[in-house]
Amino acid sequence: MAVPARKTSKTKKRMRRGNIKLQVPNLSACPNCGELRKSHVVCPNCGFYDGRQVVKTNN
Ligand SMILES: [Zn+2]
């Protein structure tokens with residue numbers, strides 16, 4: 001198995017990890033209830049997707 005020739009320096013390691021950050025999901029308002037939801041995902045508040053009820057909700 002190939003092994004790195006040199007130890008990665010603290011600076012190089014920190015420079016690489018400086019690009020790793022928390023992912024903020026793309027949120028958009030639900031056209032049915034106006035609640036923020038992830039795009040391309042059934043609305044967790046009203047259960048609507050693509051203009052119709054897909055998942056039954058309590059309210
Ligand atoms: Zn909704």
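Buried, in these notes, means under 20% relative accessible area, and exposed means over 50%, with partly exposed in between. I'm working from a predicted model.

**Cysteines.** I looked up Cys46 to start. Its relative accessibility is 10%, so I put cysteine 46 down as buried. Cysteine 33 comes out at 33%, so I have that one as partly exposed. Then I checked for disulfides. A disulfide is a covalent bond between the sulfur atoms of two cysteines. The count I got was zero.

Helix H1 covers residues 10–17, and arginine 16 sits in it. With 48% relative accessibility, arginine 16 goes in my notes as partly exposed.

**Nonpolar patch.** There is a nonpolar surface patch too, made of Tyr49, Val54 and Val55. Together they have about 230 Å² of accessible area. I traced Tyr49 to strand E3, residues 48–49. Its relative accessible area is 32%, so tyrosine 49 is partly exposed.

**Positive phi.** Next I went through backbone angles. His40 is not a glycine, yet I read a positive phi of about 65° there. I located histidine 40 in the loop between strand E2 (36–38) and E3. Is histidine 40 buried or exposed? I have it as exposed, because its relative accessibility is 70%.

Asp50 gave me a positive phi as well, about 55°, and it isn't a glycine either. I found aspartate 50 in the loop between E3 and strand E4 (52–53). At 68% relative accessibility, I wrote aspartate 50 down as exposed.

Key:
Residues are numbered from 1 along each chain as its sequence is written. This is a predicted model: local features need pLDDT of at least 70, side-chain atom pairs count only at pLDDT 80 or more; totals for chains, interfaces and linings use all residues. Side-chain values use heavy atoms; hydrogens and water are left out. Helices (H or I, at least four residues) and strands (E, at least two) are DSSP runs, numbered from the N terminus. Buried means under 20% relative accessible area, exposed over 50%, partly exposed in between (1.4 Å probe, protein chains only). Patches are made of residues with over 30% relative accessible area and no salt bridge: like charges are joined within 9 Å, nonpolar side chains (Val, Leu, Ile, Met, Phe, Trp, Tyr) within 5 Å. Accessible areas come from the Shrake-Rupley method with a 1.4 Å probe; for residues, only the protein chains shown count as cover. A salt bridge is a side-chain nitrogen of Lys or Arg within 4 Å of a carboxyl oxygen of Asp or Glu. A disulfide is a pair of cysteine sulfur atoms within 2.5 Å.
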